Amino acid sequence: MSRESDHRTLHNRVLAELGPAIAAGRYGPDHVFTLDGLVREFGVSRTVAREAVRVLESMRLVVSRPRTGVRVRPREEWSVFDPQLIRWRLAGPGRLEQLRSLNGLRAAVEPPAAAAAARLATPEERASLVDLERRMADTGRRGDLEAFLELDIAFHRRILELSGNDMFAGLSGVVAEVLAGRTEHSLMPPTPRPEALCLHRHVASAIEGGLPQVAEAAMRAIVREVVEALDAGGDLGPEGTDPGAQRPDGPTAAG
């Protein structure tokens with residue numbers, strides 16, 4: 001291993017431990033770290049510790065000041081749309097709260113994005129979206145969750161892009177983390193519900209047919225079904241699993 005790659009590995013190790021701990025609330029607002037303390041705790045150089053702190057600063061998790069150390073910021077000041085921070089929070093004890101918050105964002109953005117796509121997409125873009133939905137549905141029915149997730153993320157990202165709104169498109173990474181997080185943390189069933197696949201087909205068909213109101217309503221139903229599935233699942237059980245995933249009324253929606 002080269003010195004540079006070894007340096008990067010140490011830097012990532014500090015981030016992989018310290019970032020999730022802050023995101024989970026183990027270190028509350030105004031908790032103060034020192035570089036020397038991080039050096040001792042993680043057995044790394046000051047350079048490695050300083051670079052890790054800079055990454056945390058870029059997410060606004062901490063603020064570093066000379067002679068005062070590295071202070072944890074209040075959660076209200078965090079860069080909550082940062083994909084890495086979203087992953088850390090989804091891996092922590094507040095997973096369902098984070099998912100509900102993110103789905104609230106989706107409810108505000110994705111339905112109007114679908115409506116805009118129905119108005120603005122070109123015939124070629126509409127046909128491409130329909131083809132993407134068909135491939136996604138096929139993988140879902142086969143139970144290939146890995147391929148389904150990839151196509152589901154692509155489907156929702158494409159609709160945000162087709163909206164013609166740069167702000168909507170800029171949230172595609174956030175939506176991707178929501179969809180990936182539900183699969184990674186066992187909040188998806190072995191196969192998506194037929195009702196959820198049907199709603200995705202309605203969205204694609206409405207966009208293809210230039211029906212903004214229908215596209216918006218179908219997308220709103222998709223997000224609403226996800227929220228209802230999370231509510232039905234209740235609290236996460238041991239080992240990061242959702243007890244609702246083992247029950248007929250547990251989380252069963254596709255994204």
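Trainee: What should I know about the model before I start?
Mentor: This is a predicted model, in which local features need pLDDT of at least 70 and side-chain atom pairs pLDDT 80 or more, while totals for chains, interfaces and linings use all residues. Residues are numbered from 1 along each chain as its sequence is written, and side-chain values use heavy atoms, without hydrogens and water.

Trainee: How much space lies in the largest pocket?
Mentor: About 350 Å³. A pocket here is an open set of points on a 1 Å grid over the protein atoms alone, where a 1.4 Å probe fits, with protein on both sides within 12 Å along at least five of seven lines.

Trainee: Which helix gives the largest share of the lining?
Mentor: Helix 5, with 5 residues. Helices are DSSP runs (H or I, at least four residues), numbered from the N terminus.

Trainee: Switching topic: how do helix 7 and helix 9 cross?
Mentor: The axes of helix 7 (residues 145-162) and helix 9 (residues 172-184) come within 9 Å and cross at roughly 155°. Axes are lines fitted to C-alpha atoms over the stretch in contact, and angles run from 0 to 180 degrees between N-to-C directions. The two helices are therefore roughly antiparallel, a term for angles over 145 degrees.

Trainee: Which residues of helix 7 make the contact?
Mentor: Leu149, Asp152, Ile153, His156, Arg157 and Leu160; contact means heavy atoms within 4.5 Å.

Methods:
On a 1 Å grid over the protein atoms alone, a cavity is a set of points where a 1.4 Å probe fits but cannot get out, and a pocket is an open set with protein on both sides within 12 Å along at least five of seven lines; lining residues have an atom within 4 Å of a point. Grid points are joined across faces, edges and corners, and a volume is the space filled by probe spheres set on the points. Angles under 35 degrees count as roughly parallel, over 145 as roughly antiparallel, 65 to 115 as roughly perpendicular and the rest as oblique.
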